[in-house]
Amino acid sequence: MREYIVGVDVGGTNIKFGKFDLEGELLERWSTRTNANNNGESILSDIANSITEKMKFSEIKGIGFGVPGPVANNMVLHCVNLGWAEKDIAKEFSDIINEPDVIIKVANDANAAAAGEMYKGIAKGYDNVVLFTLGTGVGGGIIVDGKLVEGVQGVAGELGHIQVDYKHYFQCKCGKKGCLETVASATGIVNIAKVNLKKYKNQSPLRRFSNFSAKKVFDYAKEGDFIAEKSIDEAMRYLATAMGSIFFSINPEIIVIGGGVSYAGNYIIEKIEKYYYDKVRPFITHTNFALATLGNDAGIYGCCYLIR
Ligand SMILES: [Zn+2]
């Protein structure tokens with residue numbers, strides 16, 4: 001009796017596992033360290049071993065993988081963090097476990113997180129969803145008519161690399177300058193605040209620190225500090241610009257904000273809305289915005305969704 005689905009969210013540091021029933025109820029979660037040595041050659045067998053400690057493969061209907069790199073048609077194109085080049089996980093993992101009846105599906109991890117929020121999180125009940133994950137970088141996922149949009153080369157939903165800033169032109173780790181990630185991630189917010197501390201003469205509690213986090217910028221902005229608030233406004237204006245482009249591409253029902261930066265709560269949504277509607281008028285007057293609710297579990301839920 002195949003009564004379980006397993007979600008495996010493979011990160012550069014940790015691998016998160018979720019054991020689900022066929023209705024997508026999370027029964028157990030656990031994690032292991034990622035061993036990316038030797039081009040990550042042991043990762044799949046490590047995953048297989050970890051799953052066998054919890055259940056038999058004959059009990060599993062399917063296993064969904066989320067990986068930190070582009071995926072198209074179930075094929076991983078590359079994952080720099082894991083040391084993987086093009087990789088057919090479905091075939092390799094099937095060979096390792098020797099259970100051809102276990103369904104194996106693979107998706108990009110940020111896309112999987114978007115699917116997770118649609119399946120069991122804040123975007124439940126919606127079929128057209130965009131997720132922006134604001135953390136150290138900016139990730140994203142796009143769902144149209146209930147289906148993940150991967151694109152031909154697996155890079156649809158890489159929202160962090162939409163170019164939006166032609167003023168600061170900060171270097172992005174992708175090689176380009178001015179990507180959304182350089183101005184709207186936690187790192188980007190700090191980048192902008194540091195520029196504004198030089199540009200404006202106003203007093204600011206941020207001047208007490210040589211280094212500070214995006215959280216500090218949010219905290220002082222909420223208290224009305226001029227430079228902090230100006231910096232948040234600027235970052236959210238860039239984010240709203242990218243959201244406006246997405247609006248005109250797929251006209252989503254809901255835009256979900258996740259990742260570490262979403263701790264700023266409704267304040268962040270107020271700031272986004274302040275700029276977003278300028279970008280989409282006069283075509284619409286309302287888009288739903290919401291904060292992600294599944295946190296770090298979004299990925300494993302999304303991996304489960306791939307199989308359900
Ligand atoms: Zn970039």
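Which residue of β10 does I143 stand opposite?

Hi everyone. What we have here is a predicted model, where local features need pLDDT of at least 70 and side-chain atom pairs count only at pLDDT 80 or more, while totals for chains, interfaces and linings use all residues. Residue numbers start from 1 along each chain, following the sequence as written. The helices (H or I, at least four residues) and strands (E, at least two) are DSSP runs, numbered from the N terminus.

Let's begin with the sheet. It is an open one, made by 5 strands in the order β10-β9-β8-β11-β12, with mixed pairing. For two strands to pair, DSSP has to find at least two bridges between them. At the edges stand β10 (147-148) and β12 (288-291), each with a single partner strand, so one side of each has no neighbour in the sheet.

Now back to my opening question. The residue opposite I143 is L148. Strand β9 (residues 138-144) and β10 run antiparallel and are joined by 2 bridges. Helix α4 (residues 109-120) packs on the sheet, where it touches β8 (129-134), β9, β10 and β11 (254-258), and its direction makes about 55° with that of β9. Angles like this run from 0 to 180 degrees between N-to-C directions, and axes are lines fitted to C-alpha atoms, for helices over the stretch in contact. Contact between two residues means that their C-beta atoms, placed from the backbone, lie within 7 Å.

Next, please find β11. Is it mostly covered or mostly uncovered? It is mostly covered, with 5 of its 5 residues buried. A residue is buried if 20 or more other C-beta atoms lie within 10 Å of its own, exposed if 12 or fewer, and partly exposed in between, again with C-beta atoms placed from the backbone. I254, V256 and G258 point one way from the strand, I255 and I257 point the other way, and all are buried.

β11 pairs with β8 in the parallel sense over 5 bridges, and there F132 stands opposite I257. With β12, β11 also runs parallel, joined by 4 bridges, and V256 stands opposite A290.

On to helix pairs. The axes of α2 (residues 43-52) and α3 (residues 89-97) come within 10 Å and cross at roughly 50°. That makes α2 oblique to α3, since angles under 35 degrees count as roughly parallel, over 145 as roughly antiparallel, 65 to 115 as roughly perpendicular and the rest as oblique. L44, S45 and A48 of α2 make the contact with I89, E92, F93, I96 and I97 of α3.

For α6 (residues 186-199) and α8, the packing angle is about 130° and the axes are 9 Å apart, and these helices are therefore oblique to each other.

Why does M236 count as buried? Because it has 25 C-beta neighbours inside 10 Å. Leaving aside neighbours within four places in sequence, M236 is in contact with I268, K271, I272 and Y275. Its C-alpha atom is separated by 9.0 Å from that of I269, 33 residues apart along the chain.
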